[in-house]
Amino acid sequence: MVMVGEASMKLDQCFQKMKMEGISIKEWKDIPVELLMRILSLDDDRNVIVASGVCCGWRDAISLGLTSLRLSWCNNNMNSLVLSLAPKFVKLQNLILRQDKPQLEDNAVEAIANHCHEVQDLDLSKSLKLTDRSLNALAHGCPNLTKLNLSGCTSFSDTAIAYSTRFCRELKVLNLCGCVNAVSDHTLEAIGNNCNQLQSLNLGWCENISDDGVMSLAYGCPELRTLDLCGCVLITDESVVALADWCVHLRSLGLYYCRNITDRAMYSLAQSGVKNKPGLWKSVKKGKCDEEGLRSLNISQCTALTPSAVQAVCDTFPALHTCSGRHSLVMSGCLSLTSVHCSCILKAHRAHSSVPHPAH
């Protein structure tokens, strides 16, 4: 094992302390818990799992000290692995179970809910085999969830998502991208009613939601910073107007392929920025333009938009860029918007124009 930097120094300090106290290590079981946890913090999760089987002392120490576990490397038998680990690692707070091929089944998630009650960050993305049973178990067993990734989980129903929000009220980050059957206006209404602390929500390609759902979300989740509505083909300007009015902290908005969006939506965003402009430009002067106002906007394939409306948004939010290498205003597929430019390009043009020609 290669140990470098601060971690290596801390381990050296542990060894020195042991020498001073007359502690000697003759067997594996003699390693103090403090030193063991420092060693394991430098290793990958696979070796930590192996180490937990060395002896009962190690297993107990790891189960009490391990708070983060990533099992995405497991290409086979992840379900069995989770079933065996869940009762051991009861202090887990972060658990990453993203899969390249579907492995997890409901009984594994139920085991997590039954034993790992302190989980806050859970990634179940691409778990195509999971059903509503899993969500119901998490609702009762893991009420402290603040970050939940269910992207690509196509077997959940909107009823189950809505039910889980009644118990998981601490959610701040929720990814439902591609959960077509699980996301409806009913789902968004439940999120708005129960998850008032939500800051980031991905609804990409959830084609069943309409303005009613997004407006319920906007009214109920004023702390939203990031919202992805890419591919939500039914929404119109009403959704964006509601977000502009109620979600004043919005920093990133994805509207890719939302072809019912028109200039009215853009002007509503610009107007919301004008209302908060004193604070916005104060941040800009401090070099913190990314802390206030929109800093990312994707309007690709929104072909009904005109240059004047989009330019108004760009002029209002100085963190939106169209210049090379800083494309935070994405407009691909909108040929009519080629004349829209951020302030960087305009400043560069003015600077170039102010340089005297050699002939003068």
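Is Trp205 buried, partly exposed or exposed? Trp205 has a relative accessible area of 38%. Because buried means under 20% and exposed means over 50%, Trp205 counts as partly exposed. This answer, like everything below, refers to a predicted model.

Trp205 is found in the loop between β6 (200-202) and α10 (211-220). Its backbone has a phi near 65°, a positive value in a residue other than glycine. Most residues other than glycine have a negative phi. Gln301 also has a phi near 65°, again a positive value in a residue other than glycine. The place of Gln301 is in the loop between β9 (296-298) and α14 (307-316).

Trp205 also belongs to a nonpolar patch on the surface, which it forms with Val233, Leu234 and Tyr257. Together these residues have about 330 Å² of accessible area.

## Salt bridges

Side chains of opposite charge can pair when their charged atoms come close. A search of the whole structure finds four salt bridges. One of them joins Lys91 to Glu118, with the closest N and O atoms 3.3 Å apart. Lys91 lies in the loop between α5 (78-85) and β2 (94-96), while Glu118 lies in the loop between α6 (106-115) and β3 (121-123), so this pair ties together parts that are 27 residues apart in sequence. Lys91 counts as partly exposed at 30% relative accessibility, and Glu118 is partly exposed at 30%.

Another salt bridge is formed by Arg264 and Glu238, whose closest N and O atoms are 2.7 Å apart. This pair links distant parts of the chain: Arg264 is in helix α12 (residues 263-275) and Glu238 is in helix α11 (residues 237-246), 26 residues apart. Arg264 has a relative accessibility of 43% and counts as partly exposed. Glu238, with a relative accessible area of 34%, is partly exposed. Arg225 forms a salt bridge with Glu223, and here the closest N and O atoms are 2.8 Å apart. Arg225 is partly exposed at 28% relative accessibility, and Glu223 is partly exposed at 29%.

## Cavities inside the model

How many cavities of 30 Å³ or more does a search of the whole structure find? The search finds three. The largest cavity holds about 80 Å³ of space. Its lining is made of 13 residues, and those nearest its centre are Leu148, Leu150, Ser164, Leu171 and Leu174. Helices α7 (132-141) and α8 (158-165) are the elements that give two or more residues to this lining. By class, the lining of the largest cavity has 11 nonpolar residues, two polar ones and no charged ones.

The second largest cavity has about 50 Å³ of space. Among the residues that line the second largest cavity are Leu69, Leu71, Val82, Leu85 and Ala86. Its lining also includes Leu92, Leu95, Leu97, Ile112 and Cys116. Which classes of residue make up this lining? The lining of the second largest cavity has 10 nonpolar residues, with no polar and no charged residues.

Leu138 is found in helix α7. Its relative accessibility is 2%, and because buried means under 20%, Leu138 counts as buried. The C-alpha atom of Leu138 is separated by 8.9 Å from that of Phe167, a residue 29 residues apart from Leu138 along the chain.

Gly254 has its place in strand β8 (residues 252-254). At 7% relative accessibility, Gly254 counts as buried. Gly254 and Val330 are 76 residues apart along the chain, and their C-alpha atoms are separated by 9.3 Å.

Conventions:
Residues are numbered from 1 along each chain as its sequence is written. This is a predicted model: local features need pLDDT of at least 70, side-chain atom pairs count only at pLDDT 80 or more; totals for chains, interfaces and linings use all residues. Side-chain values use heavy atoms; hydrogens and water are left out. On a 1 Å grid over the protein atoms alone, a cavity is a set of points where a 1.4 Å probe fits but cannot get out, and a pocket is an open set with protein on both sides within 12 Å along at least five of seven lines; lining residues have an atom within 4 Å of a point. Grid points are joined across faces, edges and corners, and a volume is the space filled by probe spheres set on the points. Helices (H or I, at least four residues) and strands (E, at least two) are DSSP runs, numbered from the N terminus. Ala, Val, Leu, Ile, Met, Phe, Trp, Tyr, Cys and Pro count as nonpolar, Asp, Glu, Lys and Arg as charged, and the others, Gly among them, as polar. Patches are made of residues with over 30% relative accessible area and no salt bridge: like charges are joined within 9 Å, nonpolar side chains (Val, Leu, Ile, Met, Phe, Trp, Tyr) within 5 Å. Accessible areas come from the Shrake-Rupley method with a 1.4 Å probe; for residues, only the protein chains shown count as cover. A salt bridge is a side-chain nitrogen of Lys or Arg within 4 Å of a carboxyl oxygen of Asp or Glu. Buried means under 20% relative accessible area, exposed over 50%, partly exposed in between (1.4 Å probe, protein chains only).
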